[in-house]
Structures are given as structure tokens and as C-alpha cells.
Amino acid sequence: MPEFHPGNWAESAVDWLQTHLSWLFDAINTVLTGLYDGINMILSSVEPLLLAGIFAVIAFWLRGLLAGVVAFGGFVLIDSFGLWDDAMSTLSLVLAAAVITIFFAVPIGILAARKKAVSAAVRPVLDVMQTMPAFVYLIPGVIFFSVGTTPGLLATIIFAMPPGVRMTELGIRQVDSELVEAADAFGTGPRQTLTRVQFPLALPTVMAGINQVIMLALSMVVIAGLAGAPGLGERIYAAVTQVQIGLGVEAGIAVVILAIYLDRMTGALSMRVSPLGRRAAARTAAMMGRMRFVRYRPSTVAALAGVLALALAAGGLSLAESGSSAPSAGGTDVGKGKQLKMGYIPWDEAIATSYLWKEALEQRGYRPQLKQLDPGPLYTSLAQGETDFQTDAWLPTTHQQYWDKYGSELEKLGSWYGPTSLELTVPSYVKGVRSLADLKGRGKEFDGKIIGIESSAGEMKILKDKVLKAYGLEGEYKVVSSGTSSMLAELKRSIQQKQPVVVTLWSPHWAYDKYELTKLKDPKGAFGKGEKLYNVARKGFAQDDPVVARWLKNFHLTEQQLTSLETAIQDASKGREQQAAAKWLNARPGFLDKMVPVPGGEKKRGKDAGKSVSMAYFPWDEAVATTYLWENILEDRGYKPKVEQLDPGPLFTAMAQGRIDFQTDAWLPTTHEQYWRKYRDRLTDVGSWYGPTSLELSVPSYVKGVDSLADLKGRGKEFDGKIIGIESSAGEMKILKDKVLKAYGLEGEYQVVSSSTSSMLSAVDRAVARKKPVLATTWTPHWVYSTYPMKKLKDPKGAWGKGDHIHVTARKGFKEDFPELYGWLKDFTMSEQDLGSLEAAVQKGGKGKGKEKKSARKWLDAHPGLEDELAPVE
């Protein structure tokens, strides 16, 4: 029988939809998110006890006094669990999903009841929607809308739709046909028959369908916690994956309270809105005689007055609280309340570092949101820009599948730990098993099982595809997928009972400190080499928040620090991970300031603070950028810098005459050789801070097959036969025409177009925006490489010649007059990446009226700790 995989068609369809209907998904996302946010804003802004009172008044109106008291007690219980905000998020999801579901379900049900063709077409669709496993609906939701609110709502709407349609259709069809015929006989039109006869009589059945819609929506939004939907579902998912029994029980009780309340209230509402229901309620009350007060319910007007009174009180309280908000912290308030979205996989080092970063960021004035996800949804969310960063990317092996898929949409923000190792582990009391090879033939001892972790983890794939094969363990052992917490629970149980068990584990891990375990050696290297743990962010995060990106890049933990942090969080009671991280930080004075240094923090004055120092620059990008960088640094150190722009000739002359103290952009030994040869006796070479420089031609990275100057031959038509040049007087243009074109046989095929640096950059900008080929004269260092996806063409024949080094040069006697500053400038260096990003920041900030200085200031503040490196003060 040939294999048949409709799933492949589904994947192709998804790719097509993502490419061609992204506008539709954006619109759906806007509607769903907007509806949820609006409802949640109302519910979460009200004081819990007042909102519980409103819910109680509604219950009193619909079901009586006892129901109101019980409802109030139930919601107070949720608040006492500390789950109020999560419960309101869940209720908001249910209400938003129910509103949209009912909006579509009722009209479709009416149409199906009145037209057999519609009923026949809708029925199989509803069958599929109702019988498809609920988890499956989360997959397209995550793919199209990333993780969070929207996929949860979308899956909930699809899952809850069938009973709404079916019950509406059933209610309309069950209306006595004689009543419909009588209405027709009296000349009633189809629309009036529907609204005055069929729908009122079908209302109890329709309301029963609405009740089922709401209950199914509640069950689904809990499941949607797997895809990052907020609320109690997220808490339950965390409790399951981390074996937090207490949290699971409390969140489960909160769901039960919501379910009972919604079920009873919608059931009672059906009695209120239905004529038949009202008559039945009146008959019941009349039969109770003197006990009628037990079933007393206030009138709609009285209930509405009570709700309005509580709502007004809640509104007044919210205004009072907003007016008395505390002022933000001073110099440590770096974030200014900016929101950051973090995600983490429920692995111990991820939990530990995520809560550590949450605490650190809050202390720096940010508002981080932390969401637990499985690896697949987490990387999808990062790639789609819905999550800002996560701290536990295992590369190049465990998470390589996600990096291969989403790497172009992600940013690595540095490795903070490594190398790691993957391994299988047994308790130390299991004798004779010290290596993976020792497992062969002993499968019965371990019940033929290897207790694994999440099926999506890279370690599981390596174990199944490589390790079992390498050691001949296939067939003898079955890898049981579970979760990290489930694996650890099984390990703990086995150790308590002194039973053999083999589990997937990795280093570092706190389990090696807590239990006596044996790491099984891997003589064949089947698990591969150790990995490093990286911080990974969405594309563009470093540009959007350079301060946090810099903090993450400089973040490092030793094995002792990491395991002690993990242990501190493990020992803390569940739900108090952040408090444990805060306690761990407090026990290590100075660690927070090193981890998240305040940009420009404490201003340290230099030894020569108060001295005036004159600087000059000529209008080259690296000169402008570094001059204003040093002006900011010197001001911070208490100096009084004065900056002046000059052309190269006047600048070197002024420096030789002692009127300028120093400049940062002398290209030696070639470009500025004439000035150096003329004035060298009256100047000081402080030192080179960048080099070697290079001249080059460059093309956009999307131009394939052109990586070297030699590759240009025969491809002139692709570039319209043009090389976009700069000023005709520039030395680079002369070398290009006299040497480079001849060396590579490009004369005749290419014309060098003289223009200006700005015109060349404009041509690059236009071409890149349109994804067209362009060939431009560039040089290194230059901000063009930080702003555009340009690649330098190699020069295997060395036609461009050797590059210069960029030096700081000063007037004679500068070292004696400014010994501290001389030392700083002598040790000054910049990488190509840092210089390019500084140049790009200055370019982006604009020119004139102090804009360059402000741009350099902003860039410096975005690189915490750099000022202390460049200008250290004891």
C-alpha cells in the first residue's frame, strides 16, 4: 500500500496562506486581540471584592439570595489563592470567544434550519470541528498568529462553534409546524414568523446551546495555555510541567468556580429571557406559598442599580489609586516602565535564569512579562516577534532544528554558559552500568524504558536517531516521552524505592548535587560535543532596546553560580520563583550592578577634571563618530572639551602649532602620510585604535555567486555595466581605475561612475529597497555594513593594496599635559561592529545643532560598562 500523507498538503497550504493572506490574519488578530483587551481591561481594573460583589448581585438577580452569597464566596476564594488576575484573564477569553462564536453560530443555525441544503453542507463540517482533538486547533493558530491570546481565542471559537449551530437549528426545527402554518395563514411574512413565532419558542434550546458554547469555551481556553494564552490555563500548564501540586489544585479549583458560575448563570438567564421559562418560574413560586421569599429575586431595575452602584464605587477607587501612584526610581529606572516579553522552556536553567532576569529588569524599571512555552511554540513566537527574548537556547545541537528553521528571524545575544553535555544517567546504586555500552542486555532490569523529557527536545531526537543505534539498544529499550518535571519525579521515586531507572539528563543540572548519580560515558561520542547556552532574541531586538541587548551579551554564569541559583529556586515554595531569585541576588552584593549596569551610572571624575581640552575632526564618518563619543566621555569625567571641524590640512597644521590638543582619525602610513611627513616632529602618535582598514567593492548579500572581484567578470549586464563610485578626487577611485579593473580584466565591461559618498549611499539604499543588484565602492570601517546587507568582495590578487591603521594623534607635549587622557587614548580600541553601529547611530540621529553629540550619548548609554573600559578611573 503506497504511503499517503495529507499532512504535507496541509503544510503547503499553510505556507501559501502565510504568503498571500497575511493581511487577513493581521485583521483577525486585531479584532480578536482588541475584543479580549477591552473586556480584560474592564475586569482587571476593578477591585476584586467589588467585582465579586457585582458577580454576586447578578447571581442574586438570576437565581436568588443563596446563589449570590455562594458566588461571592467563590470569587473571594479565588482572590485568596492569588489567582484573581489569571481568573479574570480566563473569563475575558471565554467572554470574547463566546461573543464571536454566538455571533456566527446562531445565524448559521437559523439558516441551516430553514434550508436543507445549508444543513447538509454544514453538518459534516461541524462533525469534523467537534471530533477533531482540541490540541490540533492550536497548531494553525500558533503558525498564523504566534503564541498568546489570538491562537487561544481562535481555537476556542472553532471548538465551541458546533453546539451553538446544532442547538439553534434543533430549536427552530422543533417548533410545532402547525404554529408556523397558522402564522402563514394569517399572512405573516417569513421574517416575522422567525422573529415572532419560531425564535421565541426555540429560545430555551438556543440558550442551552449558548450554555454549551460557554462551557466548551472555558475548557478550551484552559487547554490554550499550552500556546501561551494567558490566564488559569497558563498556570495549570506550568503546574503540570513543573509538578507543582499546590498550584495545580488551586488553579483547578478556580476553573471549577468559574465553570459552575457560568453554567448556573447562563441556565438561569435562559429562564429569564424565555416566555416559557418565565411562566414556569412563576408557577413554581406560586406553589411555594409562604416560602416564596426563599426564591425571591430582585427586579431587573433593582439589580441594575446595585451593579451600577458597585461599578461607580470601583471606578472612583481606580481613579484614586491612579492619582496616587508612586514616583519611579531615580537613576536605576532605565526602563521607564517599558514592557518586555520573555519566554522560557520549563527546564531548570531556563526557569532559574528567566526569573533572575525578570527580577533584575524590574529593579531597572522595566515591566517584563514571563510566559512558559514548549520549545516549538517559543521559537515560533520569537521568530514572529511576539516574544522579545529567551535565555536557554542550546546550540549547535539540541535546538538546531529551530535555528535552521527560524535563524534568519532571530538574533544571538551571546553565550552565557558552556560547554554543556547530554547524557543518560542511572542512580549510583545500579552496579555494572558506567557506560552506554553497559545498557545492552539489561533492558529487563529497567523495564525496557528510558525515561525521557519533552518529545520536542533535541536531546530526544539525538537519543532516538543516533544513541540507540550506536549502542545497539533499539528494540530493547523504549524512549518514554514525558516532561522534565515528570522525568525528575520518576527519578526521585525510583531512588526512594532503590529501584533501577535510566533517565535523560544533562550537565549542568541540580540533580547531580541532590542525588548520587552516575553519568553514563559515551565512548562512541553519539551524543556529540557539548553545547553552549545562548540568549536568543527576536530580530531587531538589539536595535529596539540596545541597553538590555548589551546586558544580555555580557551576561555570564559559572557552574557554581548556576547550580546554586537552580537549587535556591527548587527549594523555594512553588509560585515564589522570583522571590527566590531576588533572595539569591541579595546574597551576592554587586552582582546586580555587574549584570545590569546603569548606563552612565555614577559619574566618576578623572584626575585632571576641570582642564580644558581641544579636539578637532574632519567630516569623515569615523572621525565624527569617535570625536563626539570622546566629547561625551570627557564631559562625564569632568573635563571641559571643545570640538571643532576642519579639513585634514588645516587640522594637522593647527595641531602642529599647538592650537588643537588631539584628533582621532589619522590614517597611516598611507592616506595622511603627506601631513605626517611634514609635521611629525611637532606631533605625537598616541596609538592605533583600529585597523587594518580596507578599500573594497561591495554588493548586497542577496546577489548570489559574487563573493570575489574575480566573480564580477562576465556579469556586467546584471549591474548595468556600472560601478557606483564616490568623489573623483578620492584616492580609492584612482586605485580602482588604474589597478583593480586591470588586475581582474573588468575594463570595458564596467564603467566607474564618479559621484559622491552621499550619492553612492543613496544608490545602495534604493537598490536594497528594491532588491536589485548594485556594485558600489566602499571601505572599512563604514556604517553602510551596519545599515545594509552588504558583503565585501574578496581581493585575492591584492589589487587594492594594504590597508591603513587609524591612529589618535596629538600635539607635542600632550602626554605631559594630559597624562590621564593620554593613557586612555593610548589604550583606546574599537571593533568593526561597535564602530559601525556608532557611525550608524550618528547618521540616523541627523546633523547639526548638537545632534551628533546626542546620538553618540545615546549610543554610549546603550553600552553599559563601556565608558569605564575606555576611561577607567580608580
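Lys 771 lies in the loop between helix 30 (757-770) and strand 18 (776-780); helices (H or I, at least four residues) and strands (E, at least two) are DSSP runs, numbered from the N terminus. Its phi is near 60 degrees, a positive value in a residue other than glycine. Lys 771 is exposed, with a relative accessible area of 60%. For this term, buried means under 20% relative accessible area, exposed over 50%, and partly exposed in between, with a 1.4 Å probe and protein chains only.

The model is predicted: local features need pLDDT of at least 70, side-chain atom pairs count only at pLDDT 80 or more, and totals for chains, interfaces and linings use all residues. Residues are numbered from 1 along each chain as its sequence is written, and side-chain values use heavy atoms, with hydrogens and water left out.

**Backbone geometry in loops**

Asp 720 also has a positive phi, of about 55 degrees, although it is not a glycine. This residue is found in the loop between strand 15 (694-700) and strand 16 (722-724). With a relative accessible area of 63%, Asp 720 is exposed.

The table gives two of them.

| Cis peptide bond | Omega |
|---|---|
| Ser 507 to Pro 508 | about 10 degrees |
| Leu 668 to Pro 669 | near 15 degrees |

Pro 508 is found between strand 8 (503-507) and helix 20 (511-514). Pro 669 is placed in the loop between strand 13 (662-668) and helix 28 (673-679).

The expected span of a helix is 1.5 Å times one less than its number of residues. The buried residues of helix 2 are Phe 25, Leu 32, Tyr 36, Ile 39, Asn 40 and Leu 43. An α-helix has 3.6 residues a turn, so residues three or four places apart point the same way.

Helix 26 (residues 621-636) has 16 residues and should span 22 Å; its end C-alpha atoms are 23 Å apart, which agrees. This helix is mostly covered, with 14 of its 16 residues buried. Just after helix 26, Gly 638 takes a positive phi of about 95 degrees.

**Annotated transmembrane regions**

An unreviewed UniProt entry places the feature "transmembrane region" at residues 49-78, 90-114, 134-160, 201-224, 236-262 and 300-320. UniProt positions are given in the numbering used here, feature names are shortened, and annotations may be inferred rather than shown by experiment.

Residues 49-78 are 97% helix and 0% strand, with end C-alpha atoms 11 Å apart. Residues 90-114 are 100% helix and 0% strand, and the end C-alpha atoms of this span lie 36 Å apart.

Ala 305 is found in helix 14 (residues 300-323). It is partly exposed, with a relative accessible area of 43%. Ala 305 and Val 57 are 248 residues apart in sequence, while their C-alpha atoms are 9.8 Å apart in space.

**Aromatic rings and charges**

The structure holds 26 aromatic pairs. One of them is formed by Phe 75 and Tyr 261, whose ring centres are 5.1 Å apart and whose planes stand at 80 degrees, so the pair is edge-to-face. This pair links distant parts of the chain, since Phe 75 belongs to helix 4 (residues 65-80) and Tyr 261 to helix 12 (residues 245-273), 186 residues apart. Rings of Phe, Tyr and Trp (its six-membered ring) pair if their centres lie within 6.5 Å; planes under 30 degrees apart count as stacked, over 60 as edge-to-face and the rest as tilted.

Phe 75 counts as buried at 1% relative accessibility, and Tyr 261 counts as buried at 11%. Ring pairs link Phe 55, Phe 75, Trp 84 and Tyr 261 into a cluster.

A charge sits over a ring if NZ of Lys or CZ of Arg is within 6 Å of the ring centre and within 35 degrees of the ring normal. The charged end of Lys 412 sits over the ring of Trp 403, 5.2 Å from its centre. Lys 524 lies over the face of Tyr 471, at 5.0 Å from the ring centre.
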